[in-house]
Amino acid sequence: MQIKKLISGDCVGILAPAKRIDFKEIAYAIEVFESWGLEVKLGKTIGTGEYLFSGTDEERALDFQEMLNNDSIDVIFSARGGYGCARIIDQLDFSALAKHPKWLVGFSDFTVFHNHL
């Protein structure tokens with residue numbers, strides 16, 4: 001599987017699959033991506049919360065799945081690490097990546113997805 005390098009016009013998805021994060025905390029990253037000519041699509045759980053998480057397990061899994069399935073998104077960035085990704089890993093279907101490979105970028109708890117792949 002070969003993943004292309006990002007070029008102007010590509011789409012960056014930013015989601016919060018674990019810990020909650022406010023929009024203001026990622027505003028600068030959005031500004032930088034857009035200055036590089038990239039389109040930015042935010043996950044639905046950015047700026048929301050369910051206790052310390054960015055939403056319920058079901059909401060976070062659905063948000064991630066929608067980005068995995070969206071062929072217009074070329075890279076998915078995790079806005080933040082933190083416990084929570086392991087709670088949704090079994091709800092995700094990664095088969096869309098075989099048809100449309102994309103970068104999955106994150107750290108901390110997000111590595112559960114890297115290990116799964």
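**Aromatic pairs in a predicted model**

Across the whole structure, a search finds 8 aromatic pairs. The model is a predicted one. Two of the pairs are described below, and Phe94 takes part in each: one joins Phe64 and Phe94, the other Phe94 and Phe113.

**Phe64 and Phe94**

- The ring centres of Phe64 and Phe94 are 6.3 Å apart and the planes stand at 80°, which is over 60 degrees, so the pair counts as edge-to-face.
- Phe64 belongs to helix α2 (residues 57-69), while Phe94 sits in the loop between β3 (75-78) and α3 (96-99).
- Because these positions are 30 residues apart in sequence, the pair ties together separate parts.
- Phe64 and Phe94 are both buried.

**Phe94 and Phe113**

- Phe94 also pairs with Phe113, with 6.2 Å from centre to centre and 50° between the planes, and this pair is tilted.
- Distant parts of the chain are linked here: Phe94 is in the loop between β3 and α3, and Phe113 is in helix α4 (residues 111-116), 19 residues apart.

**Burial**

- Phe94 has a relative accessibility of 10%, which is under 20%, so Phe94 counts as buried.
- Phe113 has a relative accessible area of 0% and is therefore buried by the same cut-off of 20%.

**Cluster**

- Phe64, Phe94, Phe110 and Phe113 are linked into a cluster by ring pairs.

**A charge over a ring**

- Arg60 lies over the face of Phe53, and its distance from the ring centre is 4.6 Å.

Terms used
Residues numbered from 1 in each chain as written. Predicted model: local features only at pLDDT ≥ 70, side-chain atom pairs only at ≥ 80, totals over all residues. Heavy atoms only, no water. Phe/Tyr/Trp six-rings, centres within 6.5 Å; stacked < 30°, edge-to-face > 60°. Helix = DSSP H or I, 4+ residues; strand = E, 2+ residues; numbered from the N terminus. Buried < 20%, exposed > 50% of the residue type's maximum accessible area, 1.4 Å probe, protein only. Lys NZ or Arg CZ within 6 Å of the ring centre and 35° of its normal.
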